[in-house]
Amino acid sequence: YNTVYAAGSDGILLSGANLTATVEGNIFSGCGSTGMFTSGGLEMSSQYCSFFANQNGPHGGGATTGTGDIFENPMLVQPATGDFSLEPESPCIDAGSPILEDPDGTVRDIGAIFFNQNNPPVIDSFLPENLTLGTFIGETIEFSVVASDAENHMLLYSWYDRETLISRDETAEVTITVGHQPGDSIWVMIDDQHTGSTKLTWRLDAVPVDENVKVQLPKQFAINSIHPNPFNPATTVSLALPRAGVYNLSVYDVLGRMVTNQSERTSAGFTTLQLNAESWSSGLYFVRAEFEGVVATEKIVRLQ
């Protein structure tokens, strides 16, 4: 099961006395002489081989054809640039020995590179449904997936806590006690054991809390408070973030001119930042905060 393309002479040459050889599953295409050549009394035959556009024909010497040989274009993708894989319409697909199998579970293809006919598993549903979890260190969470496979292959589930494999079997669910930092992940690789796999990842925004009291995370992004307001010369803005991410906060005067702007990545929960307005004129300003496309605005007043 090799692919021989544009050999300068014969695709394969075997020589020897009182020997018998069978060549199987090879593609011989564009060779300068024959696809196969034998000398010295060696008896050589081919089976389940592809011969195409070899200058002096498929066989030479005592070589003969046999079961399953084909004599048409193998339809290699782009052999001149080194891509010897098969086009979807190639006659070499499933044309190898019927008792052999490719990694995708189908009949062996002729040539060195098999054409993958397998479809990866499809995830139909999963829990938790939110792939970014505002959760708590020490909390136990159940993860599960429902997956299907077009070829009805037996699915294997590999569950990972960050990069550590914690389970690998036919179980489509796992229970994990969270002990992470923000940005860590739990993920599952679903493998059909025939070249197809699908990955699903949950991102964890782990928040340490008192073990007896669990403070709920904000349900949506908002400007939680601005205090004091009015102020002179500084005030503190509190933002409510339902999950970890990057927020942007800008302040504009009444003419629409930006007087300050800042962005920062932060954890889920409540975060605060201070606005220092020593260089601002007294008057009305507008605070504009944005997070994942959600915008919140509030008025503030700078006193003289």
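Tutor: Keep in mind that this is a predicted model. We begin with T266, which belongs to strand 22, residues 258-266.

Student: Is T266 buried or exposed, and why?

Tutor: Buried means under 20% relative accessible area, and T266 has a relative accessibility of 16%, so it counts as buried. Leaving aside neighbours within four places in sequence, T266 is in contact with L241, A244, G245, Y247 and T271.

Student: Which residues touch the most other members of the largest nonpolar core?

Tutor: That core has 20 residues, and those touching the most other members are I223, V237, L239, L249, V251, V287 and I300. At least two core residues come from each of several strands, including strand 19 (222-227), strand 21 (245-253) and strand 25 (294-302), while strand 24 supplies the largest share, four residues. Apart from this core lies another, of 17 residues, with I141, L155, W159 and W202 among them.

Student: How is a pair of aromatic rings described?

Tutor: A pair of aromatic rings is described by the distance of the centres and the angle of the planes. The structure holds ten aromatic pairs. In the pair of W280 and Y285, the ring centres are 4.9 Å apart and the planes stand at 40°, so this pair is tilted; both W280 and Y285 are buried. Elsewhere, F126, F143, W159 and W202 form one aromatic cluster.

Student: Where does the charged end of K199 sit?

Tutor: The charged end of K199 sits over the ring of W187, 4.0 Å from its centre, and R108 lies over the face of Y1, at 4.0 Å from the ring centre.

Note on methods:
Residues are numbered from 1 along each chain as its sequence is written. This is a predicted model: local features need pLDDT of at least 70, side-chain atom pairs count only at pLDDT 80 or more; totals for chains, interfaces and linings use all residues. Side-chain values use heavy atoms; hydrogens and water are left out. Buried means under 20% relative accessible area, exposed over 50%, partly exposed in between (1.4 Å probe, protein chains only). Contact means heavy atoms within 4.5 Å. A nonpolar core is a set of buried Ala, Val, Leu, Ile, Met, Phe, Trp, Tyr and Cys residues joined through side-chain atoms within 4.5 Å. Rings of Phe, Tyr and Trp (its six-membered ring) pair if their centres lie within 6.5 Å; planes under 30 degrees apart count as stacked, over 60 as edge-to-face and the rest as tilted. A charge sits over a ring if NZ of Lys or CZ of Arg is within 6 Å of the ring centre and within 35 degrees of the ring normal.
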